[in-house]
Amino acid sequence: MPEDLSIDHVELLSTAASRWQVAVPDPSPVPGLFRLSADQAAALLLALKAMVTGSAVDAGYVFNAVDWPQPPVQVLKAVHAYEHLCGNHLHAWTGSVAQHLLAAVARAAMERLPGYSDASWVWHRSAAAAPVIGVAGPWQPQIPGLEWFGPDVDPQSWLAARAVVVTAESWELLPPTLADRDDVYVLAGASDDFPDVWDGSVGATYRLTWPLCEAFLTELVAGGGS
């Protein structure tokens with residue numbers, strides 16, 4: 001027999017559903033949404049809990065709202081506990097009004113967790129966390145942590161990198177469809193000529209001479225350069 005949950009537990013969930021005015025799909029043939037009152041939510045959840053645990057519902061039960069507000073994280077944990085009790089032992093749980101009710105309460109709780117409203121809706125990896133990549137042909141100076149790609153570098157890798165190091169011999173071989181981006185470093189040996197990197201085709205471009213720039217590039221790849 002599954003472990004039972006307290007009436008307080010159910011009343012916390014029912015109070016949250018009422019306070020946050022969550023809606024559930026109408027089970028009738030007419031599509032739409034409706035809201036259960038706190039009393040209705042408590043009666044439903046208590047009845048399902050009784051079916052699972054074999055306990056009896058007190059015929060004289062009167063709903064007693066929980067003091068409000070309560071921490072959203074506690075409400076969320078209460079949802080998970082109820083789902084663990086009833087969702088795993090009721091064949092008709094999936095798609096039921098109770099499942100939709102608790103899913104709506106859980107969503108409302110998550111949206112009220114500390115820091116949620118301040119979080120970015122569309123997330124991007126921070127520039128500091130993105131890698132530096134290299135684009136080269138046969139000549140690839142050994143720089144710890146730098147991954148080298150061929151001149152046909154993937155456009156997504158090109159854009160996602162924190163910085164890009166391109167050897168002078170590979171500069172003219174870059175695909176013309178690459179998007180403009182900042183922090184592109186063209187690397188040439190001390191006796192090599194630099195290509196014309198000032199045509200603005202890939203945004204901000206810097207010229208570096210190897211091995212004079214070795215310490216700079218090592219620091220850049222490690223995350224300390226800019």
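Residues are numbered from 1 along each chain as its sequence is written, and side-chain values use heavy atoms, with hydrogens and water left out. Because the model is predicted, local features need pLDDT of at least 70 and side-chain atom pairs count only at pLDDT 80 or more, whereas totals for chains, interfaces and linings use all residues.

The chain contains 7 helices and 7 strands. Helices (H or I, at least four residues) and strands (E, at least two) are DSSP runs, numbered from the N terminus. Along the sequence their order is α-β-β-α-α-α-β-β-α-β-α-β-β-α. Of the 226 residues in the chain, 38% are buried. Buried means under 20% relative accessible area, exposed over 50%, and partly exposed in between (1.4 Å probe, protein chains only). The accessible surface of the chain is about 13200 Å². Carbon and sulfur atoms hold 55% of that surface. Areas come from the Shrake-Rupley method with a 1.4 Å probe; for residues, only the protein chains shown count as cover. Among contacts with a separation of 6 or more, 56% join residues 24 or more positions apart. A contact means heavy atoms within 4.5 Å.

In soluble globular proteins, nonpolar side chains tend to be buried together. A nonpolar core is here a set of buried Ala, Val, Leu, Ile, Met, Phe, Trp, Tyr and Cys residues joined through side-chain atoms within 4.5 Å. The largest core has 35 residues. Trp20, Val22, Leu45, Tyr82, Trp93 and Val105 have the most contacts inside it. Helices α1 (7–19), α2 (38–53), α3 (72–87) and α4 (97–110) each supply at least two residues of this core. Helix α4 gives the most, with 8 residues. Leucine 45 touches Val10, Leu13, Ser14, Tyr82, Ala98, Leu101 and Leu102, not counting residues up to four places away in sequence. A second, separate core has 15 residues, including Val132, Ala163, Leu187 and Trp210.

Side chains of opposite charge can pair when their charged atoms come close. A salt bridge is a side-chain nitrogen of Lys or Arg within 4 Å of a carboxyl oxygen of Asp or Glu. The count by this rule is 2. One joins aspartate 4 to lysine 49, at 2.9 Å from N to O. This pair links distant parts of the chain, 45 residues apart. Aspartate 4 lies in the segment before α1, and lysine 49 lies in helix α2. Aspartate 4 is partly exposed, at 36% relative accessibility. Lysine 49 is buried, at 6%. Arginine 107 and glutamate 111 form a salt bridge at 3.2 Å, N to O. Arginine 107 is exposed, with a relative accessible area of 52%. Glutamate 111 is partly exposed, at 33%.

Arginine 181 sits in the loop between α6 (168–171) and β6 (184–189). Arginine 181 is buried yet has no salt bridge. The nearest side chain of opposite charge is that of aspartate 183, 4.9 Å away. Lys and Arg count as positive and Asp and Glu as negative; His and the chain ends are not counted. The side chain of arginine 181 does reach the backbone oxygen of tryptophan 158, at 2.6 Å.

Key:
A polar contact is a pair of N or O atoms within 3.5 Å; within protein, one must be able to donate a hydrogen and the other to accept it, and residues adjacent in sequence count only if both atoms are side-chain atoms.
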